[in-house]
Amino acid sequence: MTDTVTPPVPDTARVPTIQRRWARRQSLGALWDTWGITAVLVVLLAGSPLVSPDFFTVANAQSVLRESAYLGIVAAAMTLLIMSGAFDLSVGGQLALVSVTTLMGYAAGGTALAIVVAVATGIACGVVNGTLVTALRVPPFVATLGMLFVFRGIAYVLTQDGPKTLPYSEIGSPFVKIGGLDIAGLPLPFLIMVGCYAAVWVLLRRTATGRRIVAYGSSPEAARFCGISGNRIRMTVFVLIGLSVGIAALTYISRVWTADGSAQDGFELRVIAAVVLGGTSLKGGKGTLIGTFSAVLLVGVLNDLLVSGGVDASYQRVVLGCVLITALAIDGLRTRFAAPGSFARLFRRPPKAVPAR
Amino acid sequence: MTAPLRRSRKSPGGHGRVGAISANSRAATRAGRLGRMVEAAPLAVPLVLVALALTMATDRFLSADNLTNVLVAAGIVAIPGLAMTLCIAMGEFDLSVGSTVALTGAVTCTWIAGGQPAGVAMLVGLLVGAGVGLVNGLVITKLGVTPFIATLATLVIVRGLALAYTGGRDVIVSSSALKYLAAGRILGVPVPLVLAIVAAALAWWVVNRTPFGRRVCAIGSNREAARMSGLAVDRIRITVYVIVGLAAAVWGLLISSQLQKGSGQLGLGFELDAITVVVIGGTALLGGRASVVGTLLGAVLIETIRNGLNLLNTPPAYQRISVGLLLVTALAVQSVRARARRESRDD
């Protein structure tokens, strides 16, 4: 019933957010929220020649951008999903499944069919997740955790006689170009990623659906009273995730050429880590696309620097994990000390707590 | 002071029906009692069904050896599952257990391979697990990082440390003391099962009979209220993470004892196994309630299904699919029932 009602957008929301924000002086905290991780990225880029002299060669920069693309594409949609207050643990399984079906599609009918299959499989995965969450009311965490097993399982079943691979004879095929082509020096996967961010930005900032997603994320109950259909929002974001995985899988598999059920183990956690690193709150309702974008590149650049710095692969994980904790700790401490005088309170004796029985 | 917090959460359903027409009332209360039993152990029904089906489908399922295998496997998952039950009852997760398994195994096996007595090596392994838990707890409480992200980060870090510690190689050991942990028997009962039974009894006692258990649930149902009523919320949370770390370390010792090796690659994805067991067992993700019996049944159910699929010679891929579907179905049933209950109360 609520589905048919268009929600009345509150008047204050009609004033473009950007204008309102710049009208007042921005607090350092608000600036950090939006641009903090970008600033870190810039600093890292500025310092990178010290660590690795050939960092700024064209080939290296291209490879970083190309490598980051598939993570970035899914992270764009994941930003939306997390802003709506849910998250999707099944994207790793989806990526494995879509990669496998895409290669099967390519074997059956060439590039065109492969693209159709990739997008269709991705969307199908999204619809399954969305249905579980909306119609069956399974909490997103568990629904997508369960489907992670299921999608990966299906990918394993499909590759029982060995991983699906692209034969070497296909090296001239247009399908391989998706991952390998450079346009004006920029890798096509990166351009696709930029296109995805542009599309998601438009959806988020220029359409009613975007506003509803944010509204639903910041308070599902309030959004319901405004006539926003929570189910429709959740279905939309889960389908968008599926679509993004479809696109990401195309840029991934046309580069890697082989996939089975174990492809990209732990991908879901990397995506969520990138989104959170970018400043999107897991509680929903708050987040920025530019943050996610920069965080994805930051992770890519950091990985590249560590590799070229000769750091052992196992320590790379340690460094990345520490970066994640540091970023979140800054955020956590900032919110803790956001109230005026809260910092000074640290040095005063705390009032005695009532002892628990 | 905190005791009523938990009591009042008991579902008020069932009692309202007593005043119904007398012919129906006895049936209704019986249904209510049955409902409450199903509530207490929602997995008993599917477990019995699966066991019956497997008994009919295979001739090996009911053999003593096979049942022991199932129980041992269930016991091994149940140990971290029980600790995770506490954590989830507190409304939080620990995603780092899989990596802790790897690090514990790696450290213990390296120490044994380096000529240390196995007992010392195992103790160091347990300390490492507790240390990971302590770090988790401190980062979460003192730095204010969301548990999901904090433990996600330690998952990555600890896995990296485990790989670095072993240099990416397998550390193969042959130690009778380590082997005893997985293969030994006490009075004919396999050691892992004994450990699991002790852990289960301990967990049940902690959750149902101690102030600590009530406080954990109080934090899970409303952390702010728990803080206001004077609970040392941070200290309790840290304690729970240390318990989870310890349990993960025990898990790691059992796994490396089974495989007789330590490696940075052990325990990949185990965090999800531990959470699955708890969630299937009916402990709500929102926190506030812990179901020890549910977690135990969840572990037995999952391992029974795995065992059955093995006996039926299905490829491992189908095991993943079935565990995933089971998880989703269990939660769908739970939420549909919760909704029905809420609606009947609203009427």
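1. Contact between the chains. In this predicted model, 43 residues of chain B are in contact with 47 residues of chain A. Three elements of chain B give two or more residues each to the side that touches chain A: α7 (147–166), α13 (270–280) and α15 (316–346). The most comes from α15(B), with 14 residues.

2. Make-up of that side. Sorted by class, the side of chain B that touches chain A has 31 nonpolar residues, nine polar residues and three charged residues.

3. A helix pair inside chain B. Two packed helices are described by the angle between their axes and the distance between the axes. Helix α4 (residues 64–89) of chain B packs against helix α12 (residues 233–259) of chain B at an angle of about 170°, and their axes are 9 Å apart. Angles over 145 degrees count as roughly antiparallel, so α4(B) and α12(B) are roughly antiparallel to each other.

4. Residues in the helix contact. On the α4(B) side, the contact is made by Ile76(B), Ile79(B), Pro80(B), Leu82(B), Ala83(B), Met84(B), Leu86(B) and Cys87(B). On the α12(B) side, the residues are Val240(B), Ile243(B), Val244(B), Ala247(B), Ala248(B), Val250(B), Trp251(B) and Leu254(B). By class, the residues of this contact divide into 16 nonpolar, no polar and no charged.

5. Gln260(B) lies in the loop between α12 and β4 (261–262) of chain B. Its phi is positive, about 55°, although Gln260(B) is not a glycine. Is Gln260(B) buried, exposed or partly exposed? A residue is buried with 20 or more other C-beta atoms within 10 Å and exposed with 12 or fewer; Gln260(B) has 16 C-beta neighbours inside 10 Å and therefore counts as partly exposed.

6. A loop in chain A. Ala184(A) is found in the loop between β2 (182–183) and β3 (186–187) of chain A. Ala184(A) is a residue other than glycine with a positive phi, near 50°. Ala184(A) is exposed, because it has 5 other C-beta atoms within 10 Å, and the cut-off for exposed is 12 or fewer.

7. Chain A as a whole. Chain A has 15 helices and four strands. Of its 357 residues, 46% are buried. Among contacts in chain A between residues at least 6 apart in sequence, 80% join residues at least 24 apart.

Notes: Residues numbered from 1 in each chain as written. Chains lettered and ligands numbered in written order. Predicted model: local features only at pLDDT ≥ 70, side-chain atom pairs only at ≥ 80, totals over all residues. Contact = placed C-beta atoms within 7 Å. Nonpolar A, V, L, I, M, F, W, Y, C, P; charged D, E, K, R; others polar. Axes fitted to C-alpha atoms, helices over the stretch in contact; angles between N-to-C directions. Parallel < 35°, antiparallel > 145°, perpendicular 65-115°, else oblique.
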